[in-house]
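I opened my notebook to go through this structure step by step. Here is what I looked up, in the order I looked it up.

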Amino acid sequence: MPHDKAWLDVEITINNTVEDHRIQVEIPTVVQQVFHFADQPFGLIQRENQPAAMKIWREENWTEAPTALYPMQSLVMQYDDKKGMCVVTKGLREYEIPANQTDIIRVTLLRSVGWLGQANLTWRPGRASGMVLPSPESQIQGLHHFHFAILPIDNGQSAQLWRDIEHWRLPAFGYLDSGWSQFKTNPHYIVFPDIYSLLTWDSELHFSTLKKAQNQESLILRGWNPSSETKTYSEPKSNTQIHQVTLSESPCINTDKAAPCTPVSWLIN
């Protein structure tokens, strides 16, 4: 773990030679809490560690058992007032909170299956789970590489925690022009400045995208609030005109500088 980083990088390589199994990695949080959080597009979702439905599905004769196995975009976290743990993944989309160990996060690395569907499974008693067809390639044999990070939490969903998450997910990168990678363009008479900055933006909102506007020759800057609390924000600064707009890129009526868990957009002329 680098001393100048807030996270622990974890890389795992597995040569899968076993069929019909699942491999997970366990991350202890040492947190006795009722809920945990996972990310979804433009926000977090709060889930129970032990869903109430797991206690009643047999008595109510459900056709499929509920589980504490959930999807995520790229992170899952569990914390209390003093401590916690956040797991940020690259391409891993599934996690589990064990029913008998709710202070553990299990992240699924891979799952090998040999059939598209089977009848009378443990979690689907009395009925088929789909078409009973062999799918040998779903055993995903061979080498697999996984990469994720573990971030300790000591102050809840602080602005610094979210900065660290974004720095891991979107690290800054540079390119050194060696002279060999140049490509020729047609002659032009435009003079480009040595240094140019389109805009500056210092905000607790997180960068989402910078793209061309849909219906005009302008740019759209979009940010979003990752936390569960409303955040105040400042507008970007630029030498050109900037107007706050809606997600449909129409003029925004509400500009009170307070963002709930929704994206905020600006039009840059």
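**Entry 1: an aromatic cluster**

By buried I mean under 20% relative accessible area, with exposed over 50% and partly exposed in between, using a 1.4 Å probe and protein chains only. W201, Y233 and W266 together form one aromatic cluster.

Before going on, I noted the ground rules. This is a predicted model, in which local features need pLDDT of at least 70 and side-chain atom pairs count only at pLDDT 80 or more, while totals for chains, interfaces and linings use all residues. Residues are numbered from 1 along each chain as its sequence is written, and side-chain values use heavy atoms, with hydrogens and water left out.

**Entry 2: ring pairs**

How many aromatic pairs are there? I found four aromatic pairs. My rule was that rings of Phe, Tyr and Trp (its six-membered ring) pair if their centres lie within 6.5 Å; planes under 30 degrees apart count as stacked, over 60 as edge-to-face and the rest as tilted.

One of them is the pair of F37 and Y79, which is stacked, with 5.6 Å from centre to centre and 20 degrees between the planes. This pair links distant parts of the chain, since F37 is in strand β3 (residues 35–40) and Y79 in strand β6 (residues 75–79), 42 residues apart. Strands, I noted, are DSSP runs of E with at least two residues, and helices are runs of H or I with at least four, numbered from the N terminus. F37 counts as buried because its relative accessibility is 14%, and Y79 counts as buried at 17%.

Y233 and W266 came next: their ring centres are 5.8 Å apart and their planes at 80 degrees, so the pair is edge-to-face. Here too distant parts of the chain are linked, with Y233 in the loop between β15 (231–232) and β16 (242–245) and W266 in strand β18 (residues 263–268), 33 residues apart.

Which residues of α1 are buried? I listed L161, W162, D164, I165, E166 and W168. What covers them includes β1 (8–16), β4, β6, β7 (84–89), β12 (142–153) and β13.

W168 has a further feature: the charged end of K90 sits over its ring, 5.5 Å from the centre. The test asks for NZ of Lys or CZ of Arg within 6 Å of the ring centre and within 35 degrees of the ring normal.

**Entry 3: two pockets**

I then turned to open space. A pocket is an open set of points on a 1 Å grid over the protein atoms alone, where a 1.4 Å probe fits, with protein on both sides within 12 Å along at least five of seven lines; lining residues have an atom within 4 Å of a point. Grid points are joined across faces, edges and corners, and a volume is the space filled by probe spheres set on the points.

The largest pocket holds about 780 Å³ of space. It is lined by 24 residues, and those closest to its centre are L69, R111, L121, W123 and R124. β2 (21–28) and β9 (104–112) each supply at least two residues of this lining.

The second largest pocket has a volume of about 500 Å³. Of its 21 lining residues, W201, S203, L205, H206 and F207 lie nearest the centre. Which element gives the most to this lining? It is α1, with five residues.

**Entry 4: loop residues**

I finished with a few loops. S74 lies in the loop between β5 and β6 and is buried at 10% relative accessibility. Leaving out residues up to four places away in sequence, S74 touches D39, V87, V88, T89, R93 and R169, where contact means heavy atoms within 4.5 Å.

T246 is in the loop between β16 and β17 (258–259) and counts as partly exposed at 26% relative accessibility. Beyond its neighbours within four places in sequence, T246 is in contact with P251, C252 and S265.

V30, in the loop between β2 and β3, has a phi near 55 degrees, a positive value in a residue other than glycine. V30 is exposed, with a relative accessible area of 55%.
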